[in-house]
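Me: Please examine the model shown below. I shall then ask about its salt bridges, its helices and its surface.

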Amino acid sequence: MTDVTQGRNHRAADTGPAAPNPYVESLKEALFTAVLVFLLGFLMVGYQTEVLQGKQMSYVTRYADVAWAVALMSAGRFLLTLTRFDRTLPALILGGLACLYLFGAGVIGVLELPIYESLFVTPDPLQPDTLPFEQPMVNVIFGLGALFVFAASARTRRRKTVGGQTIEVREAAEARQASFARNFSGILGPILIVLALVIPMKPWGDRQLVDSLVLVMTYVMLGWGLNIVVGLAGLLDLGYVAFYAVGAYTYGKLSTTLGLNFWESLPLAGAMAATFGIALGFPVLRLRGDYLAIVTLGFGEIIRLILINWQAFTGGPNGIGNIAKIDFFGIPFERNPAEGTMAFHTLFGLEFSTTQRVVFLYYVIIGLALITNFVTIRLRKMPIGRAWEALREDETACRALGINPTNTKLTAFAIGAMFAGFAGSFFATRQGFISPESFTFIESAVILAIVVLGGMGSQVGVAVAALLLIGLPEVLRELSLYRMLVFGGVMVLIMLLRPKGLLSYRVPTILYKDRKKKVMAPTPGAAQ
């Protein structure tokens, strides 16, 4: 009797606890998601204030939108949890169908095609339409969410097949992906440059578009400058906006006190920012990783607080105004210039337009950004660039190779800060007014997000990420309520689908030619 009982106990111990039911666990996750979405969306989406002329402020309810959001988000969470338990078929089918319907119908509505009303809008106002949301763009957003569910399930199925592969096969696949990113960057880069040069030209270049592109190109230049520090040297800098502010305030003071124009102040602003970069570099020579990030974050906050409190020099919270606008190498963009001065439109026989200065600003920032890109690429192929890459990969090995980490870090901080100073000087002349509110920590976070999302070390990737993170909110400004939702969703999707960045390939520059030679060289004994 005792033996039988012991045998049962041994069998019970061997089996262990019962495996969780995937459908029960998925249902729990879906219910939690439903409650969370309801609590977040009931007040933010369920009520919308409106002001009618001659009447008091009122509000309209949007309970149907909240209900659809709860239902769709819960269903998506249910399917995603099933994929975690290797139940990918429901997510593949339902996610694919929902993506085709919501995304396709939403795009038709955004394009305002006549077929949209006949297919998806009911003539009776008392009957609901065949689409969940009234705004077509919102349906597009949820269609992209369905696409994410479909992609996640497809990726899970793919991992099953990849899991049985050898390490050599996986490394070969990663090498092919890096090669594709490198080759695609070589093709996409010239295309983007050509598009950037021709977009402001008529008939498709209007002032609003050009002004938005000026903002995008400013962040492209800042991203390329920070890419030297973070992407090449591997130094996590959370206070990069401080150098941006130094360049802006340098030009602001030189313009308002000494009367210098933009072209005279530009090199001085870069030199001043580089000096501050060296000043930041000395305290962080022995720091790495998170400690380095904390110190640079503190440096950025110190600069911001100085700008706020040193009112006699910086103007404090009021900032600096009446900063001189940019001119065409001494020729102003004004309708009625000072006596003895010829205006830009008069010199070239054009009709006066305020767009002329905006277009010139656009080409100036393109020139500054391309100079930043050219200098970065050239430096990367020089000994200092190889020292940056060695420092990024392993600082201890960098010291063992005889590379001076002190000089390497200082040059990275100084050169990256110099380009931020150039961008800050351009920002000051574009705005005509600067204040500490323009140089908060969120600016450093956005610039760092551009570098990380684009792919650390990838110049083209940084440009594409800046176009997405800065240009996308401008394009989606009409959505108002859902604009930042799309912005956050895009960032999450990029990090989930491309965790190393859009166009990331961290191959040391010094190995490029060596690898090509190894590939081209015949294998001994192969041809006999």
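Me: Which residue forms a salt bridge with glutamate 29?
Reply: A salt bridge here is a side-chain nitrogen of Lys or Arg within 4 Å of a carboxyl oxygen of Asp or Glu. The pair links distant parts of the chain, 48 residues apart, with glutamate 29 in helix α2 (residues 22–44) and its partner in helix α3 (residues 63–84). The closest N and O atoms are 3.3 Å apart, and the partner of glutamate 29 is arginine 77.

Me: On what basis was this computed, and how many salt bridges does the structure hold?
Reply: This is a predicted model, in which local features need pLDDT of at least 70 and side-chain atom pairs count only at pLDDT 80 or more, while totals for chains, interfaces and linings use all residues. Residues are numbered from 1 along each chain as its sequence is written, and side-chain values use heavy atoms, with hydrogens and water left out. Helices are DSSP runs (H or I, at least four residues), numbered from the N terminus. The number of salt bridges in the structure is nine.

Me: Is glutamate 29 buried, partly exposed or exposed?
Reply: Buried means under 20% relative accessible area, exposed over 50%, and partly exposed in between (1.4 Å probe, protein chains only). Arginine 77 has 29% relative accessibility and therefore counts as partly exposed. Glutamate 29 has 24%, so its class is partly exposed.

Me: How many residues apart in sequence are the parts tied together by arginine 430 and aspartate 211?
Reply: The side chains of arginine 430 and aspartate 211 meet in a salt bridge, at 3.4 Å from N to O. Arginine 430 lies in helix α17 (residues 405–431) and aspartate 211 in helix α8 (residues 207–232), so the separation in sequence is 219 residues.

Me: Which residues are joined with Glu395 into one network?
Reply: Glutamate 395 lies in helix α16 (residues 395–400) and forms a salt bridge with arginine 399, the closest N and O atoms being 3.5 Å apart. Glutamate 395 and arginine 399 are four residues apart in helix α16, about one turn of the helix. Salt bridges that share partners join Glu395 to Arg399 and Lys409.

Me: What is the relative accessible area of glutamate 395?
Reply: Contact means heavy atoms within 4.5 Å. Not counting residues up to four places away in sequence, glutamate 395 touches Leu285, Arg288, Ala390, Pro405 and Lys409. Arginine 399 is partly exposed at 47%, whereas glutamate 395 is buried, with a relative accessible area of 8%.

Me: What are the contacts of serine 255, leaving aside its neighbours within four places in sequence?
Reply: Serine 255 is in helix α9 (residues 241–258). Its relative accessible area is 9%, so serine 255 is buried. Beyond those neighbours, the residues in contact with serine 255 are Leu260, Ile323 and Ala324.

Me: How far apart are the end C-alpha atoms of helix α18?
Reply: The expected span of a helix is 1.5 Å times one less than its number of residues. Helix α18 (residues 441–454) has 14 residues and should therefore span 20 Å, which agrees with its end C-alpha atoms, 20 Å apart.

Conventions
Helix = DSSP H or I, 4+ residues; strand = E, 2+ residues; numbered from the N terminus.
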